Amino acid sequence: MNFMLLVFNMLPIYPLDGGQVLMSVLWYIVGRAKAMQIAGVIGLVGAGFGLLIGIVSLSPLLFLIAVFGAFQAWIGYKAGMQMSVSDPAHFDERLSRRRRDDQVEQKIQGELDPWR
C-alpha cells in the first residue's frame with residue numbers, strides 16, 4: 001500500500017509531490033512563472049486521464065481525486081499566468097522602454113517648441 005501511495009504521489013501532476021518536483025526542475029530552466037504554467041498544464045492533462053479512468057472504472061473516489069487535481073492544477077496555471085504578467089524582470093523591461101520613448105518624445109517636443 002505504501003509503495004502504491006509513493007507511485008501515485010510522485011506522478012508529475014501539479015498538486016502532487018511529483019508535480020512540485022517537476023516545477024522545481026523547470027524553474028531553473030524556464031523561470032518560475034513559466035514553470036508553474038507548464039506544471040499546471042501537465043497537471044490538467046493528468047487530471048483528465050484520471051477523470052477518464054474514474055468514469056470508465058466507475059470509481060467515484062478516483063473521479064473526485066481527479067476533479068480536485070484538475071482544480072488545483074488550474075489554480076497553479078492561473079497563478080503562473082499572473083506571475084508572468086507581474087514579473088519584475090518584465091516590468092523593468094517595459095518601464096525602461098517607456099522611459100526611452102518618453103525621452104525621444106521630449107526631445108522631439110523640445111525641437112518643435114523652443115520655448116519649452
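Among the elements of the chain, helix H3 (residues 32-56) has the highest mean pLDDT, 90, whereas helix H5 (residues 88-112) has the lowest, 59. Over residues 91-95 the pLDDT falls below 50, and beyond near neighbours in sequence this stretch has one contact in the model. The model is predicted, and where pLDDT is low, the predicted coordinates should not be read in detail.

**Overall make-up**

- The chain contains five helices and zero strands, so that from the N terminus on, its elements run α-α-α-α-α.
- For the chain as a whole, the average pLDDT is 80, and 74% of the residues score at least 70.
- Buried residues account for 21% of the 116 residues in the chain.
- Of the contacts in the chain with a separation of 6 or more, 45% are between residues 24 or more positions apart.

**How H2 and H3 meet**

- Two packed helices are described by the angle between their axes and the distance between the axes.
- The axes of helix H2 (residues 17-30) and helix H3 come within 8 Å and cross at roughly 145 degrees, and the crossing of these two helices is right-handed.
- On the H2 side, the residues that take part are Gly19, Leu22, Met23, Leu26, Trp27 and Val30, and they meet Arg32, Lys34, Ala35, Met36, Ile38, Ala39 and Ile42 in H3.
- Sorted by class, this contact of H2 with H3 is made up of 10 nonpolar residues, one polar residue and two charged residues.
- Ala35 touches several residues of this contact: leaving aside its neighbours within four places in sequence, Ala35 is in contact with Met23, Leu26, Trp27 and Val30.

**The largest nonpolar core**

- In soluble globular proteins, nonpolar side chains tend to be buried together.
- The largest nonpolar core in this model has six residues, namely Tyr14, Met23, Leu26, Ala35, Met36 and Ala39.
- H2 and H3 are the elements that give two or more residues to this core, and the largest share, three residues, comes from H3.

- Gln37 is found in helix H3, and Gln37 counts as buried because its relative accessibility is 10%, where buried means under 20%.
- Not counting residues up to four places away in sequence, Gln37 touches Tyr77, Gly80, Met81 and Ser84.

Methods. Residues numbered from 1 in each chain as written. Heavy atoms only, no water. pLDDT = per-residue confidence, 0-100. Helix = DSSP H or I, 4+ residues; strand = E, 2+ residues; numbered from the N terminus. Contact = heavy atoms within 4.5 Å. Axes fitted to C-alpha atoms, helices over the stretch in contact; angles between N-to-C directions. Left-handed = near helix turned anticlockwise from the far one by under 90°. Nonpolar A, V, L, I, M, F, W, Y, C, P; charged D, E, K, R; others polar. Core = buried A, V, L, I, M, F, W, Y, C linked by side-chain atoms within 4.5 Å. Buried < 20%, exposed > 50% of the residue type's maximum accessible area, 1.4 Å probe, protein only.
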